[in-house]
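Hello,

Here is the structure I promised to pass on to you. Please open it first, and then read my notes below.

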Amino acid sequence: MIVEDHIYRKIDTPLLHLIGEVADELGLETYVVGGYVRDLYLARPSKDIDVVSVGRGIELAEAVAKRLPKSQLSVFSRFGTAQVKHRGVEIEFVGARRESYSPDSRKPVVEDGTLEEDQERRDFSINALAICLNKERFGELLDPFDGLYDMDNLSIRTPLDPDITFSDDPLRMMRAIRFASQLGFFIEPETFAAIGRNAERIDIISGERIITELNKILLSPRPSIGLELFELTGLMQRIFPELYDLKGADTKDGIGHKDNLTHTYKVVDNMAKALSKLEPSDKHLWLLWAALLHDIGKPRTKRFDARLGWTFHNHEYIGAKMLPKLFRRLKLPLDSKLKYVQKLVELHMRPASLVDEGVTDSAVRRLLFDAGDDIEDLMLLVEADITSKNPQRVRRYLDNYVVVRQKLRDIEEKDRIRNFQPPVDGELIMRVFGLSPCPEIGIIKEHIKDAILDGLIPNEYEPAYQLMLEKAASLGLSPQE
């Protein structure tokens with residue numbers, strides 16, 4: 001059947017007609033397929049076009065590139081694919097193929113195949129749609145697995161037996177969860193059950209590929225959809241046990257605590273909602289990771305106190321210490337991104353403590369100093385951490401943070417504390433007192449820094465120098481003539 005008029009208008013472009021014309025010249029049956037077609041129907045923007053020809057996909061790509069001025073051609077002979085980049089659009093070309101798998105690898109043995117075999121190997125029915133580009137059949141839709149029906153019903157379903165589909169390539173289990181989270185779809189019951197039956201197969205997938213899918217889940221409009229499916233399918237327990245350990249709410253002597261995993265889902269959703277109102281930034285992904293991991297230390301710090309009830313003292317510090325090992329195992333970056341998430345996890349209780357203890361200038365200076373340029377991100381995290389179902393309580397917390405934010409602005413404007421460097425450094429101390437590197441230098445520097453942060457002296461050279469002399473004298477040090 002020919003696609004509906006509104007879809008035809010979207011494919012009725014010079015680029016797709018050109019691909020069809022070149023395919024006709026080469027005698028190749030050619031289709032646009034997969035996610036590009038799915039997104040046409042879902043009205044989602046896409047600059048990635050997947051093209052399948054029945055045979056000689058690389059030859060088709062080379063011929064198309066010659067007809068497109070200023071295009072870039074990349075050929076991947078090992079994989080039988082080629083890519084043409086043209087005016088911000090990436091077109092992937094491949095010949096139709098069939099695949100077979102061995103039990104210990106997700107890398108298939110690939111052979112030339114028919115279009116039907118190519119559609120059968122697709123992960124989900126909504127990704128198995130194909131629209132013909134050849135002139136005589138331009139706009140003809142092939143939907144052998146009722147992908148349109150599944151889209152209408154918001155359903156994620158495998159084209160063939162889901163146990164075979166997931167056993168062959170276990171990464172498809174993570175992709176099912178990711179699509180459900182990105183699109184707001186449901187996983188069809190038998191497909192969902194098959195993920196649970198095959199969860200252990202995820203062990204053969206590299207950490208890098210799993211993290212790619214987790215990142216996309218976190219960046220979806222409502223990440224909790226994917227995170228909850230990640231939990232319910234049994235994949236979280238295998239991949240991310242530290243997160244799964246947050247699950248559950250214990251009760252003792254009639255006193256309970258909230259389910260910290262459910263709370264975490266809400267915090268991540270709150271963060272996603274807040275970020276959706278801001279300009280896109282690469283930093284947003286790591287803010288979402290901070291929201292996901294902010295309470296990761298709670299299972300290790302949970303205690304019951306007969307007077308206080310359930311406590312999680314110092315969970316922020318324990319959680320921050322857990323992150324390097326966790327990032328390394330999950331194949332997350334071990335660079336400045338790790339340090340950024342660590343900082344936010346470690347500091348996420350500080351703004352709340354300012355409210356509890358009173359917003360003193362000294363406490364605000366220390367928070368500004370410790371958070372530096374990430375203070376605004378920290379405030380986004382602590383506001384996302386408000387998950388009470390009581391609207392009055394939520395409003396009270398938010399109003400408190402308005403006070404904290406204003407105090408932060410006032411102190412920063414007055415004292416310029418953010419990222420400040422004390423006016424007396426270690427080199428000056430060594431020169432004045434004739435010292436080699438030793439603990440006393442650190443003691444003096446810390447004393448000066450604390451005095452500035454506590455407002456005892458201004459952040460100026462002369463008062464800092466005088467305090468250096470006083471502290472050095474108490475340590476038995478004298479200036480060298």
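**The second largest pocket**

The second largest pocket has 25 lining residues, and those nearest its centre are Lys-258, Met-349, Ala-352, Asp-385 and Tyr-397. A pocket here is an open set of points on a 1 Å grid over the protein atoms alone where a 1.4 Å probe fits, with protein on both sides within 12 Å along at least five of seven lines, and lining residues have an atom within 4 Å of a point. This is a predicted model, in which local features need pLDDT of at least 70 and side-chain atom pairs count only at pLDDT 80 or more, while totals for chains, interfaces and linings use all residues. Residues are numbered from 1 along each chain as its sequence is written, and side-chain values use heavy atoms, without hydrogens and water.

Helix 19 (350-357) gives the largest share of the lining, namely 5 residues. Helices are DSSP runs (H or I, at least four residues) numbered from the N terminus. At least two residues each also come from helix 17 (315-330) and helix 22 (391-415).

**A pair of helices**

How do helix 24 and helix 25 cross? The axes of helix 24 (residues 439-453) and helix 25 (residues 461-474), lines fitted to C-alpha atoms over the stretch in contact, come within 10 Å and cross at roughly 135°, on a scale from 0 to 180 degrees between N-to-C directions.
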